[in-house]
Amino acid sequence: NPDKVFWPESGYTKADLCRYYASIAPLMLPFLRGRPLVLVRHPDGIAGKSFYQWNVPDGTPAWMRRLDISDTEEVDRSAKHVFLVDDEDGLVYLANLGCIPVHVLACREESLGTCDFLTVDFDLGERPFADAVRLGLSLREVLDDVGLQGFPKTSGQRGLHVLVPLGGGIAFEAAKLLVELLGRIVTGRHPQIATMERKLDKRGDRVYVDTGQTGTSRTIVAPYSVRAHAGATVSTPLAWEELHAGLDPTRFTIVTVPLRAADIDDPMLGFFEAKPDVLTALTALDRWVRG
């Protein structure tokens, strides 16, 4: 049903979603290949019901790759049978299922027990995007100082994500400690506008610095993923130089992002080549916390 309207206000259809993913596949697939995926399906568009889907459903064609994983953070350690997407056809197949955002785990099929990137999520609530910019640039200063690289992207909604590549072979527990330290440092530098308080009623009017997106069963929306949000916005990678107080994240949509991708180098370049010394970074961050 290619003409089914998925974004009522804009008139964008399922076919528009499929065309977008086909066009952006060359940039998106290097991040997706071999990585367990979790779907968020909106069979009737953003105004209808939605649901998360870990397991590959019955009837999925044999050419779609899949992977059995175990969730080590759940008591029952239940097996899950997840999608793997390696090519444009696979990505468009997910869109045809009504999958609007594509969520990923921070591991690859050959190394499910180790984490290859962490995420700092600046959840704005009602605060302006300029606050996310301020906090993101503050995080960059810390990362540069301890020998880590950060790759910012819009969340596709109102917030900002910073992905930090770890290379291979990093235990999830070490990655969670690392991201926790980063969150504590950033909120400590900006206590008036930032907090790591999980309870909504205790945050006040502050940005929530969410460091909980790193874990064996924790997912984050992939770079270049569409969001189920008005205007068909896209979680768009940015160069640090593009991050400024006047930036409007709603300008990045399924219409504008392919045009942007044709004009600029991919801001994710260098992500997979990063091989940081995580132990040295942890030691340096501990000094920041104590300081």
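Here is a quick tour of this structure, from the whole chain down to a handful of residues. The model is predicted. The chain holds seven helices and 13 strands. Its 291 residues have a radius of gyration of 19 Å, which agrees with what a compact globule of that length would show.

**Overall build**

- Take the C-alpha trace along its principal axes and you get a span of about 60 × 40 × 40 Å.
- A compact globule of 291 residues would have a radius of gyration near 19 Å, and the chain comes in at 19 Å, so the two agree.
- Buried residues account for 53% of the 291 in the chain.
- If you look at contacts between residues at least 6 apart in sequence, 70% of them bring together residues at least 24 apart.

**Surface and charge**

**The cysteines**

- How many disulfides are there? The count is zero, with a pair of sulfurs needing to be within 2.5 Å to qualify.
- C107 is in no disulfide, and its nearest cysteine sulfur, the one on C115, is 7.9 Å away.
- C115 is likewise in no disulfide, with the sulfur of C107 as its nearest cysteine sulfur at 7.9 Å.
- C107 has a relative accessible area of 2%, so it counts as buried.
- C115 is buried too, with a relative accessibility of 0%.

**T154, in a strand**

- You'll find T154 in strand β9, which covers residues 151-154.
- Is T154 buried or exposed? Its relative accessibility is 1%, so T154 is buried.

**R290, in a helix**

- R290 belongs to helix α7, made up of residues 278-290.
- R290 is exposed: its relative accessible area is 68%, where anything over 50% counts as exposed.
- R290 and I185 are 105 residues apart along the sequence, but 9.6 Å apart from C-alpha to C-alpha.

- Some background first: most residues other than glycine have a negative phi.
- Y224 has a phi near 75°, which is positive even though the residue isn't glycine.
- Where is Y224? Y224 sits in the loop between β13 (219-221) and α6 (256-263).
- Y224 is buried, given a relative accessible area of 4%.
- A232 also isn't glycine and also has a positive phi, near 55°.
- A232 is found in the loop between β13 and α6.
- With a relative accessibility of 0%, A232 counts as buried.

Methods
Residues numbered from 1 in each chain as written. Predicted model: local features only at pLDDT ≥ 70, side-chain atom pairs only at ≥ 80, totals over all residues. Heavy atoms only, no water. Helix = DSSP H or I, 4+ residues; strand = E, 2+ residues; numbered from the N terminus. Rg over C-alpha atoms; globule rule 2.2 N^0.38 Å. Buried < 20%, exposed > 50% of the residue type's maximum accessible area, 1.4 Å probe, protein only. Contact = heavy atoms within 4.5 Å.
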